[in-house]
Amino acid sequence: MEKKPGFPIFKEKLCYNQWWRRKMKQYQIFFVLLYVPAMLLYAYTTGKMNRKVAAANKIVCSSLFFTVSMVGFLGDSERSTKWLLLFAVFFSMVGDIVLIWDFVKGGISFLIGNLLFSWYLFMLLKKTSASFLIFYFLLLFLLLGVLLWLEKTKKIDLSKLKSFRIYMVSVISQGSLGLLLMLVSDLTKYRILGLGNLLFMISDYFLALLIFGNQHRTFFRVMNILTYFTGMMLIAIIMGC
C-alpha cells in the first residue's frame with residue numbers, strides 16, 4: 001500500500017552533520033569564517049559603546065549576509081520561488097544600515113522585509129496542510145501575549161513609539177511561521193531557515209527591551225546582535241541550498 005504524505009510532508013533522513021558536509025559550498029564556509037568574527041567584534045564594540053567601529057562592523061556583517069544570499073540565489077535552480085526570500089534579505093540589510101542614522105526609516109525597511117519573509121514561509125507551509133493555520137494563529141497570539149505582558153508589567157513602554165507595535169506584529173508573524181516550519185518539516189534546510197527566522201524574532205524582543213526598557217541594557221544590546229545576525233547567517237546559507 002502506498003503511504004500517503006502526512007503532516008509534515010517533507011522527508012529527509014540526513015542528520016545535521018551529514019547535511020552540513022554535503023550541502024555547504026566553499027564560498028559559504030568562507031562566509032561563515034569571515035562573518036562570525038565580524039559579528040562577535042560588532043557585539044563587543046557595541047557593548048563597549050564604540051559607536052563608529054560598531055557601525056562599521058554592522059555594515060560589514062549586513063553586506064556579507066546579503067552578498068552570500070545573492071550568490072546563493074543566482075546559483076540556485078529554485079530562483080523562481082526564492083526571489084521573495086532574496087528581497088526580504090535585501091530589505092533587512094537596508095534596514096540595518098539605515099537604522100544607524102534613523103530608527104523609524106530603518107524600521108520601515110525591516111517591516112517590509114518581515115512581510116516578505118512571512119509570505120515566503122507561508123508559501124512553504126501551505127504545502128503541508130491547511131491545519132497549519134490553526135497552529136500559526138495559536139503561536140501568534142501566544143507570542144503577542146508575551147509582548148502585552150512585557151508592557152503590562154512595565155518592563156517596556158511602547159507609548160514612546162506606538163508604531164513599534166505594528167512592527168512587532170510583523171516580526172512575531174515571521175517568527176511564528178519560522179517556528180512552525182522547524183516543527184513540521186523534516187527537511188534540514190527548512191528547519192534551519194525556520195530557526196533563522198525564529199532568531200530574527202527573538203532579537204526584536206531583545207531590541208524592545210533595549211530601546212523601551214530601562215534595565216540590563218548592555219546585555220540586551222549584545223543578545224539582540226547575536227540572535228539577529230546568527231539568524232541572518234542561517235538564512236543566507238540556506239539561499240544557496
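Of the 241 residues in the protein chain, 48% are buried, where buried means under 20% relative accessible area, exposed over 50% and partly exposed in between (1.4 Å probe, protein chains only). The model is a predicted one, in which local features need pLDDT of at least 70 and side-chain atom pairs count only at pLDDT 80 or more, while totals for chains, interfaces and linings use all residues. Residues are numbered from 1 along each chain as its sequence is written, and side-chain values use heavy atoms, with hydrogens and water left out.

The secondary structure comprises nine helices and zero strands, with helices taken as DSSP runs of H or I of at least four residues and strands as E runs of at least two, numbered from the N terminus. Among contacts (heavy atoms within 4.5 Å) between residues at least 6 apart in sequence, 76% join residues at least 24 apart. The chain has an accessible surface of about 12400 Å², and carbon and sulfur atoms account for 69% of that area; accessible areas come from the Shrake-Rupley method with a 1.4 Å probe, and for residues only the protein chains shown count as cover.

The patch is formed by Trp83, Phe87, Phe90 and Trp119, which together have about 410 Å² of accessible area. Patches are made of residues with over 30% relative accessible area and no salt bridge, with like charges joined within 9 Å and nonpolar side chains (Val, Leu, Ile, Met, Phe, Trp, Tyr) within 5 Å. Phenylalanine 87 counts as partly exposed because its relative accessibility is 42%.

Aspartate 96 is also found in helix α4. This residue is buried yet has no salt bridge, that is, a side-chain nitrogen of Lys or Arg within 4 Å of a carboxyl oxygen of Asp or Glu. The nearest side chain of opposite charge, lysine 58, is 4.1 Å away; Lys and Arg count as positive and Asp and Glu as negative, with His and the chain ends not counted. The side chains of aspartate 96 and tyrosine 228 are joined by a polar contact of 2.7 Å. Leaving aside residues up to four places away in sequence, aspartate 96 touches Lys58, Ser62, Phe65, Phe110, Tyr228 and Phe229.

Lysine 160 sits in the loop between α6 (132–152) and α7 (164–184), and counts as exposed because its relative accessibility is 56%.

Definitions and conventions: A polar contact is a pair of N or O atoms within 3.5 Å; within protein, one must be able to donate a hydrogen and the other to accept it, and residues adjacent in sequence count only if both atoms are side-chain atoms.
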